[in-house]
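Biologist: I would like to go through this model one feature at a time. Please give the general idea where there is one, then the case at hand.

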Amino acid sequence: MDPEYGKQFDKGDIGFILISMGLVWLMIPGIGYFYSGMARSKNALSLIMCCLMSLVVVTVQWFIWGYSLTFSKTASVFIGNMDNALLRNVLGDPSIGSDSVPDIVFAIFQCMFAALTPALAIGAAAERARLLPMMIFIFIWSTIVYDPIACWTWNPNGWSAKLGGLDFAGGTPVHISSGFASLAYAIILGKRRGHGSITNGEDFKPHNMSNVVLGTAFLWFGWFGFNGGSALAANMRAAMACVVTNLAAAVGAITWLIMDYRIERKFSALGFCSGAVAGLVAITPASGFVGPGPAVAIGFLGGVCCNLAVHLKRLLKFDDAVDVFAVHGVGGYVGSVLTGLFAEQYIAGLDGATEIEGGWMNHNWIQLGHQLADATAGAAWSFCITYLILFIMDHIPGLSLRVDPEVELQGLDAAEIGEMAYYHVDKIVTVDPQSGEQKIVSEQVREVRNQENAQGDLVVEKVVSPTQLHNV
Amino acid sequence: MDAEAAPSYNPGDISWIATSMVLVWLMVPGLGYFYSGLASHKNALSLIMYVLVCMMVASIQWFIWGYSLTFSLGGNAILGNLDNAFLRGLLGYPSVGIDAIPDLIFCVYQCMFQCVTAALVVGAVAERARLLPLMIFVFVWSTLVYNFLAYWTWNPNGWCFQLGGLDFAGGTPVHIGSGCSALAYALVVGKRIGYGKDADPERFKAHNMSNVVLGTAFLWFGWFGFNGGSVLSSNVRLGMVLIVTNLAAAVGALTWMLMDYRVERKFSAFGFCSGAIAGLVAITPAAGFVGPGPAIALGFLGGFFCNLSLYTKRWLGFDDALDVFSLHGVGGYVGCIFTGVFAEQYVAALDGTEIDGGWMNQNWVQVGYQFADATAGAAWAFCMTFIICFIMNKIPGLSLRVSEEDEIQGLDVTEIGESAYVYVNKLISVDTTTGAQITVREEIKQVNVGEHGSVHTADKIEVSTPNGTVGGVA
């Protein structure tokens with residue numbers, strides 16, 4: 001190999017993009033904990049695991065043909081080809097995203113985006129989807145939904161890039177596509193048992209807000225790599241992207257907090273977390289094109305629109321368990337549209353190389369049309385193709401998407417994973433009213449025993465013995 | 001230091017290695033949560049704390065003479081000397097590992113590796129080891145085991161380095177070293193009470209799988225610094241290292257999950273986490289030498305062999321509480337051997353490094369070197385650790401294992417004096433006619449330290465009895 005191969009890159013650029021890769025990686029467990037905390041405790045572990053499974057399935061898919069279908073250098077306007085399948089010829093040549101980083105660095109960075117997107121989408125399937133079909137779905141969905149949309153947006157040959165649609169860090173490929181895919185998944189799966197009825201409303205509360213906040217922390221932290229790293233170099237544009245990211249997140253959080261306070265007179269933590277994420281989603285397509293002032297506006301409008309969009313699931317009667325459509329689908333769409341309004345030429349020019357026409361701030365009125373085209377095409381493609389994939393899968397024997405009703409009652413942790421996130425002991429104790437003496441009538445350890453068949457019984461009644469309580 | 005003569009470094013390189021140091025640091029609390037979640041609830045805090053304490057002792061040992069014994073340039077083929085004890089002479093000169101970064105950065109980065117290795121060993125003796133002897137053990141063990149293994153592998157004078165053994169990010173010093181040491185420690189300390197063929201299955205279950213996954217996330221995230229930082233520079237090879245790291249972890253996770261699915265028809269989260277770590281361990285020696293395709297093979301082989309090696313624990317009857325030997329010892333050995341198979345010259349050449357390659361380059365003797373490297377490391381780690389533990393156990397006051405009552409009570413209470421969780425047990429009586437609920441008794445299970453340092457769990461009792469009746473019968 002030529003000893004000068006790959007030496008032309010700036011070490012700071014490579015280092016920064018690879019750190020950003022690590023940050024985006026951390027967003028995947030982050031989304032896992034976010035969803036897990038919002039679900040019920042009997043499904044807690046399944047939601048973390050679904051997100052991590054998305055990571056592993058897409059990593060392998062990306063290697064096999066995902067990167068090639070998205071970023072091959074001789075792609076068509078619609079999709080790439082197999083030139084780089086199995087990551088062949090992906091080494092030290094300047095990447096298709098930017099001359100500042102080599103192919104291989106760009107490939108692993110983009111892999112994390114691809115791995116994050118299905119993890120977002122499956123949130124809507126929470127608490128009632130079988131895991132094995134979900135894994136197969138993720139593989140197929142990445143190939144025929146994520147890869148084309150990402151190709152349109154980020155491959156210079158893609159139609160949206162050629163049209164002039166502005167999407168910096170992936171509002172359309174990541175957020176709009178996952179949001180609308182989750183809508184399709186939720187509609188096909190149907191509502192969770194007991195959801196929507198007034199008497200059972202209390203049953204569907206988040207079981208662990210601490211995990212939701214932990215997840216939000218990982219997400220916000222990682223988003224600096226998501227938006228900052230999309231500058232594909234360690235330069236002023238990356239710095240500005242980090243600034244507007246943080247601003248939008250903060251303003252989004254405050255906005256949602258205030259909107260909820262108006263109703264309930266409380267500062268909801270879930271409102272804070274959802275608002276921060278909504279602000280981050282909205283700023284994502286805009287982060288390399290807008291300045292700090294517009295970032296405040298985008299964070300505010302993202303928070304408002306996503307907050308209102310949460311009510312859609314009641315109006316349209318679908319069960320989006322963790323509000324993926326409201327935050328990512330609607331937030332991404334809003335962010336994309338606002339990018340057309342607030343994009344400014346001087347921000348894109350901060351890296352010394354990028355020239356854009358700008359948005360309404362530069363009197364480039366047509367930009368909004370390009371944004372609408374980009375966002376709507378992505379939404380439509382994602383929704384329709386996802387619905388088609390799921391519809392066909394549901395009708396293949398063995399790949400049915402929804403768990404049995406008994407399994408849903410038991411909780412996915414026990415039935416699909418075979419482990420619980422937490423162990424509970426329910427004790428029934430009688431108190432003799434005269435003497436005050438207590439006797440334990442029954443003790444139930446909610447746990448999973450080794451079963452021969454997939455759906456065994458969950459609750460095991462036991463006579464009390466000291467060793468039984470060791471693990472509680 | 002003369003300002004003009006001082007060598008100039010690229011800020012990108014220094015930044016990346018500094019970041020990698022932070023990432024490897026994060027692996028230590030990650031390990032703490034991983035182990036903590038797998039143990040029982042009454043030992044939860046002890047495992048997080050033991051791991052952090054190991055990091056503390058290892059860092060200090062590194063400063064005193066650990067760095068010097070490992071990386072000084074005046075030693076022989078087996079060990080360094082004390083030229084750099086107390087980090088004397090360490091400032092801005094080009095480091096032992098690579099010219100591109102200064103000594104100090106390399107030193108603190110390598111310190112994190114020793115911390116991780118020391119923390120790994122704790123897993124084998126979870127739930128029954130005393131903390132003070134453990135701290136002394138870590139100091140002695142770092143000196144007599146880790147420093148030797150790391151010297152052989154990474155110091156240019158070390159015999160393994162000179163032989164041509166390929167070990168990129170420390171399969172032998174870190175994983176084989178910790179795995180085999182953990183085995184020796186576990187054998188000396190003995191099995192936990194109640195462990196064995198007719199063990200009560202609930203006693204030995206994970207108490208908080210959520211923490212196990214959190215720990216795995218920190219470990220996987222930090223491993224990008226573990227393997228990535230071993231490039232010691234920011235370049236195209238770094239991109240390849242991170243790709244193969246991520247791939248091997250993903251494939252390892254999938255492999256183990258599917259192997260477990262075969263047995264129990266469930267997608268085990270524990271299988272996912274163990275498999276990811278097995279894949280990461282297997283890719284560690286190979287990360288800078290193999291391409292993406294072989295990375296998948298290594299991830300698969302790591303997951304496969306580590307999964308099978310879990311059964312040896314039952315077969316041979318030793319109590320490696322948290323599977324350190326299976327994951328790290330076996331995984332490290334497998335990874336080391338297959339590095340000799342899959343290493344390719346073009347990958348190392350991405351940053352200008354020249355190697356003879358492995359079987360993919362028809363360099364058949366490479367596997368022999370790998371066997372030498374891995375086996376010597378395993379043998380030294382196991383035998384030395386066994387001797388250290390055996391001798392310590394005989395010294396009065398340094399016995400390694402807690403007493404039986406302490407083990408039953410749980411190490412949180414007896415060794416640390418705090419609980420990870422505080423339980424409230426409420427007894428509520430319901431009036432059968434009105435439905436009113438009265439709290440009869442409220443117990444807060446907490447830990448009180450007595451006058452002479454004795455620890456006992458106390459039950460704070462509050463009894464609320466309106467109208468003087470217990471039970472609410474009017």
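Biologist: Which residue forms a salt bridge with Lys11(A)?

Modeller: This is a predicted model. The partner of Lys11(A) is Asp13(B), and the closest N and O atoms of the two are 3.2 Å apart. The count between chain B and chain A is 1 salt bridge. The interface also has 7 residue pairs in polar contact.

Biologist: Which elements of chain B give two or more residues to the side that touches chain A?

Modeller: They are helix H1 (11-38), helix H7 (209-228), helix H8 (236-264), helix H9 (269-283), helix H10 (292-316) and strand S1 (423-430) of chain B. H8(B) gives the largest share of that side, 15 residues.

Biologist: How much area do chain B and chain A bury between them?

Modeller: The size of an interface is often given as the accessible area lost when the parts come together. Here chain B and chain A bury about 5600 Å², with 70% of it on carbon and sulfur atoms. On the side of chain B, Glu202(B), Lys266(B) and Phe267(B) supply 13% of the area buried against chain A, more than any other three residues. By residues, the contact takes 63 from chain B and 73 from chain A.

Biologist: Now the aromatic rings. How many aromatic pairs does the structure hold over all chains?

Modeller: There are 53 aromatic pairs over all chains. A pair of rings is described by the distance of the centres and the angle of the planes. Take Phe318(A) and Phe325(A): the centres are 6.1 Å apart and the planes stand at 80°, an edge-to-face pair. Phe318(A) is buried, with a relative accessible area of 8%, and Phe325(A) also counts as buried, at 8%.

Biologist: Are the rings of Phe338(B) and Phe342(B) stacked or edge-to-face?

Modeller: Their planes are at 20° and their centres 6.2 Å apart, so the pair is stacked. Both residues lie in helix H11 (residues 324-342) of chain B, 4 residues apart, about one turn of the helix. Phe338(B) is partly exposed at 23% relative accessible area, while Phe342(B) counts as buried at 16%. The cut-off for buried is under 20%.

Biologist: Which residues form one aromatic cluster in chain A?

Modeller: Phe109(A), Phe113(A), Trp154(A), Trp223(A) and Phe226(A) form one such cluster.

Biologist: What separates the C-alpha atoms of Ala343(A) and Ala286(A)?

Modeller: The two C-alpha atoms are separated by 7.0 Å, and the residues are 57 apart along the chain.

Technical notes. Residues numbered from 1 in each chain as written. Chains lettered and ligands numbered in written order. Predicted model: local features only at pLDDT ≥ 70, side-chain atom pairs only at ≥ 80, totals over all residues. Heavy atoms only, no water. Phe/Tyr/Trp six-rings, centres within 6.5 Å; stacked < 30°, edge-to-face > 60°. Buried < 20%, exposed > 50% of the residue type's maximum accessible area, 1.4 Å probe, protein only. Contact = heavy atoms within 4.5 Å. Buried area = accessible area lost by both parts, 1.4 Å probe. Salt bridge = Lys/Arg side-chain N within 4 Å of Asp/Glu carboxyl O. Polar contact = N/O pair within 3.5 Å; in protein donor to acceptor, adjacent residues only side chain to side chain.
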